[in-house]
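Work through the exercises below with the model open. Try each task before reading its solution.

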Amino acid sequence: MMKTLYSYLYIALILTFVAACNTSSKAPSAAKEKALTATATISGKSGQHVQGTIVLIQVKDGVTLQIDLTGLEPNSLHGFHIHEIGDCTDDDAKSAGGHFNPGEVQHGGPEDQHRHAGDMGNLHSDAKGEVHTLVKNRMVTLDNQESTSVVNRAIIIHESKDQFDAQPAGNAGARIGCGVIRVNY
Ligand SMILES: [Cu+2]
Ligand SMILES: [Zn+2]
C-alpha cells in the first residue's frame, strides 16, 4: 500500500518537472516569434459571388499573401490589387479607390521593376473556380509606421485579366470581390 503511494508521488513529481520545463522553454520563444499578420475577408461585388480569405503575413522582405477563394469562373485569370482605401461598401467597390501607389509610378505586373505597390498580377482559378495559392509582394509592409503599409486598405479581385501594359490600371474590368485588410491581434 505504502509502496504504491510512493510510486504515485514519484510519478506526480516527474510530471510536474516535465510540465515546468515545457512552459519555461516554450512560453518566451512563442511570444517572440508571433508573426505580424492581417486578414482580408473577401466578399462578392458587382453582382458576383466570389468569397474567401486572404491572410497576409509579414516576412523579412515583404508580405506573403495566402489566398483562398471560391466562386470564380473556372479556369480563368483575374487581376488583383491592393487598393488605396479600405472601404468595400459600394456595390461595385469603387469606394476602395485606385491602386495603392505610394511611389506615384505607372501600373505594372508583379515582376516589373516599376509598378504600383498594390499590383500583384493575376490569380488563376482552377476547374472548380477556386484559387488556393501563395503570392509575395515585396513592395508593401504590415508595419503601420511605414508609408508602404497596407493595413486598413482593400484587396480587390477583378472580373478579367490584368494586362500589365494597359494604363492606368491594367484594364482588368469590374471589381468582383473586395475585402479590407485588418491586422490580427
Ligand atoms: Cu484592382
Ligand atoms: Zn496598378
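**Exercise 1. The core**

Task: Find which residues of the largest nonpolar core touch the most other members.

Solution. Start from the term: a nonpolar core is a set of buried Ala, Val, Leu, Ile, Met, Phe, Trp, Tyr and Cys residues joined through C-beta atoms within 7 Å. Buried means 20 or more other C-beta atoms within 10 Å of a residue's own; 12 or fewer is exposed, in between is partly exposed, and C-beta atoms are placed from the backbone. The largest core holds 32 residues, and Ile42, Ala154, Ile155, Ile156 and Ile181 touch the most other members. Next, locate the elements that give two or more residues: strands 1 (37-44), 2 (51-59), 3 (62-70), 4 (77-83), 5 (119-124), 7 (154-158) and 8 (175-184). Helices (H or I, at least four residues) and strands (E, at least two) are DSSP runs, numbered from the N terminus.

This is a predicted model: local features need pLDDT of at least 70, side-chain atom pairs count only at pLDDT 80 or more, and totals for chains, interfaces and linings use all residues. Residues are numbered from 1 along each chain as its sequence is written, while chains are lettered from A and ligands numbered from 1 in the order in which they are written.

**Exercise 2. Around Ile42**

Task: List what Ile42 contacts, leaving aside neighbours within four places in sequence.

Solution. Contact requires C-beta atoms, placed from the backbone, within 7 Å. Ile42 then contacts Val50, Gln51, Gly52, Thr53, Ile54, Leu69, Ile155, Ile157, Gly177, Cys178 and Gly179. Now check the pairing. Strand 1 and strand 8 are antiparallel over six bridges. One bridge joins Ser43 to Cys178 in strand 8.

**Exercise 3. Gly121**

Solution. Count its surroundings: 22 other C-beta atoms lie within 10 Å, so Gly121 is buried. Beyond four places in sequence, Gly121 touches Gly109, Pro110 and Asp162. Gly170 lies 49 residues from Gly121 in sequence, with 9.3 Å between their C-alpha atoms.

Note on methods
Contact = placed C-beta atoms within 7 Å. Pairing = 2+ DSSP bridges.
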